[in-house]
Amino acid sequence: MDEVRYWDGGGWAWMAFMPLLWIVLVGLVVWAVVRLTRHPADRTPDRDRGWPPRETPEEILDRRFASGEIDADAYTEARERLAAHRPRPR
């Protein structure tokens, strides 16, 4: 009766392939967890996670005025337009 040894018939190839298979499997699990726990782009970023907060239109306008990109007349006009188009609280 012939004994079948693990090393005969290409068994060594499986031994070399298994660590690679586990590395790929663990990598896929880590990728899936990271992908599923991220915030969707339409939500406001979470400050606790270190993401930068979204600037409001008023903050953008203030920054542009402070840096000299726009003059006082343009700033005042833009502020009035923003106030007129602001959604009303319910």
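Trainee: What does the accessible surface of the protein come to, and what share of it belongs to carbon and sulfur atoms?

Mentor: This is a predicted model, where local features need pLDDT of at least 70 and side-chain atom pairs pLDDT 80 or more, while totals for chains, interfaces and linings use all residues. Residues are numbered from 1 along each chain as its sequence is written, and side-chain values use heavy atoms, leaving out hydrogens and water. Areas come from the Shrake-Rupley method with a 1.4 Å probe, and for residues only the protein chains shown count as cover. The accessible surface of the protein is about 8,700 Å², and the share of carbon and sulfur atoms is 60%.

Trainee: Which pattern does the protein follow along the sequence?

Mentor: Helices are DSSP runs of H or I with at least four residues, strands are runs of E with at least two, and both are numbered from the N terminus. The protein has three helices and zero strands. Read along the sequence, the pattern is α-α-α.

Trainee: How are α2 and α3 oriented to each other?

Mentor: Axes are lines fitted to C-alpha atoms, for helices over the stretch in contact, with angles from 0 to 180 degrees between N-to-C directions. The axes of α2 (residues 57–67) and α3 (residues 72–84) come within 10 Å and cross at roughly 175°. Angles under 35 degrees count as roughly parallel, over 145 as roughly antiparallel, 65 to 115 as roughly perpendicular and the rest as oblique. So α2 and α3 are roughly antiparallel.

Trainee: Is the aromatic pair of F65 and Y75 stacked or edge-to-face?

Mentor: Rings of Phe, Tyr and Trp (its six-membered ring) pair if their centres lie within 6.5 Å; planes under 30 degrees apart are stacked, over 60 edge-to-face and the rest tilted. By this rule there is one aromatic pair. The ring centres of F65 and Y75 are 4.5 Å apart with planes at 25°, so this pair is stacked.

Trainee: Does Y75 count as buried or exposed?

Mentor: Buried means under 20% relative accessible area, exposed over 50%, and partly exposed in between, with a 1.4 Å probe and protein chains only. F65, at 34%, counts as partly exposed. Y75 has 19% relative accessibility, so Y75 counts as buried.

Trainee: Which residues is E58 in contact with, leaving aside its neighbours within four places in sequence?

Mentor: E58 is found in helix α2 and, at 16% relative accessibility, counts as buried. Contact means heavy atoms within 4.5 Å. With those neighbours left aside, the contacts of E58 are R79, L82 and R86.
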